[in-house]
Amino acid sequence: FYETHRPIMIRGNIRKIVGMNATLHPRGSSYYQAGDLFNNPVLDFSEATHGPFIIEDMAIRSNSNRAISVEHNSAITLVCKSSQLNYRSVPGAGKVFFQDVTGGHYFFHAPGQKVFARQLNAEGTVLEKIDNIGAHVWILGLKTERTDGQSIIRNSGGGKLEILGALHYPLNNIAPGLPMVKNEESFLSMNFRTAHWTAGTRYENQVQDTQNGATLSFERNSIYDRSGVGPGGSIVTLYTSEP
């Protein structure tokens, strides 16, 4: 267990951090500005010049969503393996690869960025767990859990999002009409299933899809549902949409 009271700058020729299952915890005034979510990064790559850079076997906390674990603000390629972290990219960020990573939120805010993920687990509650604005995102194996009044995924800004195999398990009660996935003038391809134990914990609106200014809803009652067989839930073998 290690503490940091300010962002850690990744500079020069540093190429890899192996945490050996250690936890890095942000504390102090840099991460306690009232009302701010994901205010400052724990790892800051703005001065990194050599890649790919690898983060492996490490848990990087967010201090109750005040910090962003990894701020990808460099053109270098970043690899995250067997770790627990939140992630945010900004315009100009390089490629990123995730393998066996768990965390709360993943913000892909770099238009045109290439994102590749295998076995990604997102359990954040304060904003969408996956928020893509214009990036090209490919995920093989996604699991999400919990919600607190937010959609799970938002895909916007002409982004391209492909998800091959996802399980969405909200646990909490879902507000009526809240869409599980929001697609806004972007490319979307996904197959998924949901799981719920009570009627209140299921998304009636599975996908809210806006293309060319027109919004359609993909409702649970229009697709196959496994209610009555263990945890109930819908199964969607393929959903696609494009502008």
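I was working on a predicted model, in which local features need pLDDT of at least 70 and side-chain atom pairs count only at pLDDT 80 or more, while totals for chains, interfaces and linings use all residues. Residues are numbered from 1 along each chain as its sequence is written, and side-chain values use heavy atoms, with hydrogens and water left out.

**Around Ser156.** I placed Ser156 in strand β14, residues 153–156; strands here are DSSP runs of E with at least two residues, numbered from the N terminus. Leaving aside residues up to four places away in sequence, I found Ser156 touching Asn132, Ile133, Gly134, Glu184 and Ser186, with contact taken as heavy atoms within 4.5 Å. I then followed β14 to strand β16 (residues 179–184), which runs parallel to β14 and is joined to it by 3 bridges; two strands pair if DSSP finds at least two bridges between them. Ile153 has Val181 in β16 as its bridge partner.

**The sheet that holds β14.** I traced an open sheet of 10 strands with mixed pairing, in the order β2-β4-β6-β8-β10-β12-β14-β16-β18-β19. At its edges I noted β2 (8–9) and β19 (214–219), each pairing on one side only. Within this order I looked at β6 (residues 67–72), which is mostly covered, as 6 of its 6 residues are buried. Strand β4 (residues 40–44) pairs with β6 in the parallel sense over 4 bridges, and there Asp44 has Glu71 of β6 as its bridge partner.

**Gly112.** I located Gly112 in the loop between β10 (106–108) and β11 (114–122), and I recorded it as partly exposed, since its relative accessibility is 35%. Not counting residues up to four places away in sequence, Gly112 touches Gly134, Ala135 and His136. I also checked Gly112 against Glu184, which lies 72 residues apart from it along the chain, and their C-alpha atoms are separated by 16 Å.

**The other sheet.** I traced a further open sheet of 10 strands, again with mixed pairing, in the order β1-β3-β5-β7-β9-β11-β13-β15-β17-β20. Here β1 (2–4) and β20 (235–241) stand at the edges with a single partner strand each, so one side of each is left without a neighbour in the sheet. Neighbouring strands of this sheet are turned by 20° against each other on average, direction ignored, the axes being lines fitted to C-alpha atoms and angles running from 0 to 180 degrees between N-to-C directions. Strand β3 (residues 16–26) pairs with β5 (residues 53–60) in the parallel sense over 6 bridges, and Ala22 stands opposite Met58 in β5.

**Phe97.** I found Phe97 in strand β9, residues 96–103, and noted it as partly exposed at 32% relative accessibility. Phe97, Phe116, Trp138, Leu140 and Leu164 make a nonpolar surface patch of about 370 Å². Such patches take residues with over 30% relative accessible area and no salt bridge, nonpolar side chains (Val, Leu, Ile, Met, Phe, Trp, Tyr) being joined within 5 Å and like charges within 9 Å. A salt bridge is a side-chain nitrogen of Lys or Arg within 4 Å of a carboxyl oxygen of Asp or Glu, and accessible areas come from the Shrake-Rupley method with a 1.4 Å probe, where for residues only the protein chains shown count as cover.

How values were computed: Buried < 20%, exposed > 50% of the residue type's maximum accessible area, 1.4 Å probe, protein only.
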